[in-house]
Amino acid sequence: MKNRKSEAETNSQEFVVFRLGVQEFCIDIMSVREIRGWTPSTPLPHSPQFVRGVINLRGTVLPVIDLADRLGLATVEQTASQVIVVVQIGNRVVGLLVDAVSDILMIDAEKIQPTPGVSTEATRSFVVGIIGIEERMISLLSLDNVLPMGEVEAA
Amino acid sequence: MDPMESIRQTFFLECEEQLTELEAGLLALEAGQAEPDTVNAVFRAVHSIKGGAGAFKLHNLVQFSHAFETVLDRVRCSRLQASPHVMKTMIRAADILSDLVAAARDQRELASGAWQGVEGELRSLCSDTEGPAPAAPTSGTGAAEEAFSFTPALIALDFPPPEPQPSCVTIKFKPADELYAKANEVVPIFRELARLGSVAAVCCPDAVPHLEDLNPLGAYLSWTIELKTSHGESAIREAFEFVEGDCLLEISCPAPDAGLGFDNASNELGAATSQPEEEAAKVVDFAPREIESTASATSALSAAQASASSSSGSGKAETGAGPGLNQSQPTIRVDFERVDRLINLVGELVINQAMLSQRIIEAGVGNSPSVAIGLDELEHLTREIQEGVMAIRAQPVRPLFQRMARIVREVADSTGKAVRLRTEGEATEIDKTVVERLADPLTHMIRNAIDHGVEAPEQRTSLGKPAEGQVRLTAGHKSGRVVIEVADDGAGIDRPRVKAIAIKKGLISVDAQLTDTEIDNLLFLPGFSTASTVSNISGRGVGMDVVKRSIQALGGRISIASQPGAGSTFTLSLPLTLAVLDGMVVAVSGQTFVIPLTAIIETVKPSPASVHPLGVGSRVIAVRESFLPIIDVGSELGIREPLTAAHTGVAILVETEGGAQNALLVDAIQDQRQVVIKSLEANYGQTPGVAAATILGDGRVALILDVDALVNRRRSESTSYEMPIAVGA
Amino acid sequence: MNRTILTVDDSRTMRDMLKMALVEAGYDVVQAVDGLDGLEVLKGTVPDVIVTDINMPKLDGFGFIEAVRALQKFRGVPILVLTTESDQEKKARARSAGATGWIVKPFNPEKLVSAIRRVLA
């Protein structure tokens, strides 16, 4: 997933930045397939709370995950202004429900700082670093842990 | 992709086909049902594998296939009788060959113990008959030789010449008629010689007769060639390799001061120049550039051949290949990806067409006759395209059944039982993806049948059965589905024992009253495993419940019938394709779901009087003579609390595996239509009670219910084993 | 213009390998899957050289060579057979059927090309 460019170029990567509530997060653009407006999803019975349901993405059935819920943040009612970021994790394609996409930034690898010690275990499993840009703090998200599929089959 | 890699993949694909041919042919031979060419076909299959293996330097494979090929060669020349012992060895060899190919493909080594034994047996079959095989030495060096790469032709294979200076070699060369008849030409030979050194050649036309006696296809010219070369004689002979036997050839390497040779040449030179005939050749200094002039000299004589060869040079250069792989009919190879993409697109087309129809009707235009007819035709055409495309992926089950043949052999061997596999309906076609996913369940069922079902030979004879047990594997189409049966003529299900185990494992209550069929179906319950001594073969922690789930994941059903003492039969019913489903669209709590039509018996609008509570938390509905358990879909799926007034909904009566009937309670029925199945598992995973998803006409996703799962879930939640109770019993 | 070579072999792997080596050496390649197919292809093409396997279904190498040699049109077309080193019997039989020369299996590209050069006028 990491896209290491040659020595000749600067060691930077592109990230998609989005907002959940008041916090900003970003993910490696290489895993982003597309960005869609919100559509109502069909709920999946016996699914975890954070799985909102599935939607039709040009013929593929796409699970939609409420990212705020997954990260343990306060959730809001779904609104039509929300955005679904379609990402590829491993060989799955899923949609992440976020409030808005705010930016696409080119960030130097050196600018990525380790996650501060205040965070909880849960947060640490998702947030793998933070980036300071001007006065913003953007948390770098690792998608690998967003879908621990083994737990999805609820009892 | 690297071209060699692509060819390597082709090779292994081809090996699969050859191995299938091989096995089918050997079995036919063994059963005495072979055609005249079968032995040759079998030989060719092994020969082909050997050829490719050599090219890829797969030494073990080359060695083994060589030994196998030798035996087959003898059989096809009738030098070796195809006795039962020989056949058995060859069938084993085919299995080993298959293992070796798989190992080569996965780039691992096969334990030598696995195959060297059989190889030795193959060798011994050949040493009994007249003389040893031409290249079958005991240590396999013959085969290994073939695997060596050869050095380029032009490098002298001899030790380097003793003197640093080139020596003069005199070559006397007189082609016979046959040389030209085989389309050999002297020019290329001279060209090769020219590569070895400097050539001075004199043509002697002495033998050329008068024109009227001239045979245009006759060879009359001869040459004396002086070759100054540092290459040895073998390199020179190599230039003449193809024509030796069709010419007079004398190669003499005189002493280093080779004055003699040139004197001879000058004599002949004198003689030659005095010949006035147009065919008289000149002394030509054979630098390669001069080839054209010599060509004209020789072609003047062999006019018929020359015109043939020059016209061949201007022949059309088509680079297309003839029809590929015509084993039985012309076929073409297509990448799976392309077929999959096509199938997906067609699926989209079906959805789109449904959506369009719906929108048109909603827009109020649907009633106009021309529009209605148009929509109908569109639907009809779409369906036809869909069926046609699905058929592309349809494949006969034959290769799958053949794999089972091997499983039967292996399991029979390791359990010490005698078992024969009978197959029927091998030409039945199913979607390729289904065929692939059937392999594991079938393997497991066959293992079970032999391990647990078929009795040991002595026991069988004492029961009056033939010592050899039989496993029957059949496939056929029945009312739009594919039906596959796995039947054995063994002991059948030991019902008392099964019931006892189920009770012991807490799967049923001690005093449960079960019909025979219901007892048989206990095998499918999770957590059930008959083997208290888990046998090597079947007891790898995989129970019949896993088999059942695999079949269900394919959209199929499995049922079992058994007769004590006579045997058991498993029946699989599978959809023709994985991609479409006829379903009933229903509404539950504002959401839309699809119930597969194949599970539905009928629909009933319950009256308040027909619904009765039973025990705690359960309800049944009276339908004619029976009472069926009600399953409230909304509450089962966790969408809402159970409908208190059941009669406000609709009851859909369904039948599950084992014949049990239940009533699914939904809010309303919306429609009945064919839907395209979309996988949930690809991107998400398994959801209990949900088989898959589909996209409806309005573009939204609707879930397809897994009826069996819903019913089982409900059943396992209740404390007692519910079943239909006959009124008045 | 390039010379054309007809390759006749029932193994797709062999056909692919031959084609790769020959195209690399600058020849155009036409393919056939067995002797019968080969004769079919020859109805429309007169190649400069024919390379054929021996063991093939429907019409094997020997039958194919004999059939080709019986046709006036192909008298001057060299035919090379693919054969295994050790099989002298097959080689002799091929020659009496009218084969021009042979290529030993497993072949390496240089050897293949040099054999073709040796028969191509």
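Biologist: Leaving aside its neighbours within four places in sequence, which residues is B:Val350 in contact with?
Modeller: Please keep in mind that this is a predicted model. B:Val350 has its place in helix α13 of chain B, and the neighbours within four places in sequence are set aside here.

Biologist: Is B:Val350 buried or exposed?
Modeller: A residue counts as buried if 20 or more other C-beta atoms lie within 10 Å of its own, and as exposed if there are 12 or fewer. For B:Val350 there are 21 other C-beta atoms within 10 Å. Because that number meets the cut-off of 20 or more, B:Val350 is buried.

Biologist: How many Å apart in space are B:Val350 and B:Val580?
Modeller: Along the sequence, B:Val350 and B:Val580 are 230 residues apart. In space, taken from C-alpha to C-alpha, the distance between B:Val350 and B:Val580 is 10.0 Å.

Biologist: Which elements of chain B each supply at least two residues of the side that touches chain A?
Modeller: In this contact, 25 residues of chain B meet 19 residues of chain A. The elements of chain B that each supply at least two residues of that side are α13 (336-362), β22 (690-695) and β23 (701-705).

Biologist: And how many residues of the side of chain B that touches chain A are charged?
Modeller: Sorted by class, that side of chain B has 11 nonpolar residues and 11 polar residues. The remaining class is the charged one, and the number of charged residues is three.

Biologist: Why is helix α8 of chain B largely enclosed by the rest of the structure?
Modeller: Helix α8 of chain B covers residues 186-196, and its buried residues include B:Val186, B:Phe190, B:Arg191, B:Glu192 and B:Leu193. The helix is largely enclosed because, of its 11 residues, the number that are buried is nine.

Biologist: Which residues have the most contacts inside the largest nonpolar core?
Modeller: This core has 104 residues. Domain 1 (3-147) and domain 2 (167-307) of chain B both give residues to this core, so it lies between them. In general, nonpolar side chains of soluble globular proteins tend to be buried together. The residues with the most contacts inside the core are B:Phe68, B:Leu97, B:Leu193, C:Ile79 and C:Leu80.

Biologist: Which residue of β5(C) does C:Leu80 stand opposite?
Modeller: Strand β4 of chain C, made of residues 79-84, pairs with β5(C) in the parallel sense over five bridges. C:Leu80 also touches several residues beyond four places away in sequence, among them C:Val49, C:Val51, C:Trp102 and C:Ala115. The residue of β5(C) that stands opposite C:Leu80 is C:Gly101.

Biologist: Which helix of chain C lies across β4 and β5 of that chain, running at about 165° to β4(C)?
Modeller: Helix α5 (residues 109-119) of chain C packs on the sheet, where it touches β1 (4-8), β3 (49-52), β4 and β5 of chain C, and its direction makes about 175° with that of β5(C). The helix that runs at about 165° to β4(C) comprises residues 88-97, and its name is α4 of chain C.

Biologist: Which strands stand at the edges of the open sheet in chain C?
Modeller: The five strands of this sheet follow the order β2-β1-β3-β4-β5 (chain C), with parallel pairing. A strand at the edge has a single partner strand, so one of its sides is left without a neighbour in the sheet. The strands that stand there are β2 (28-32) and β5 (101-105) of chain C.

Biologist: What is the bridge partner of A:Ile55 in β5(A)?
Modeller: Chain A has an open sheet of five strands in the order β3-β6-β7-β5-β4, and the pairing is mixed. Within chain A, β4(A) and strand β5 (residues 60-66) pair in the antiparallel sense over six bridges. The bridge partner of A:Ile55 in β5(A) is A:Leu62.

Biologist: What percentage of the residues of chain A count as buried?
Modeller: The secondary structure of chain A comes to two helices and 11 strands. Chain A has 155 residues, and the share of them that count as buried is 30%.

Note on methods:
Residues numbered from 1 in each chain as written. Chains lettered and ligands numbered in written order. Predicted model: local features only at pLDDT ≥ 70, side-chain atom pairs only at ≥ 80, totals over all residues. Pairing = 2+ DSSP bridges. Helix = DSSP H or I, 4+ residues; strand = E, 2+ residues; numbered from the N terminus. Contact = placed C-beta atoms within 7 Å. Axes fitted to C-alpha atoms, helices over the stretch in contact; angles between N-to-C directions. Core = buried A, V, L, I, M, F, W, Y, C linked by C-beta atoms within 7 Å. Domains from an automatic or database assignment. Nonpolar A, V, L, I, M, F, W, Y, C, P; charged D, E, K, R; others polar.
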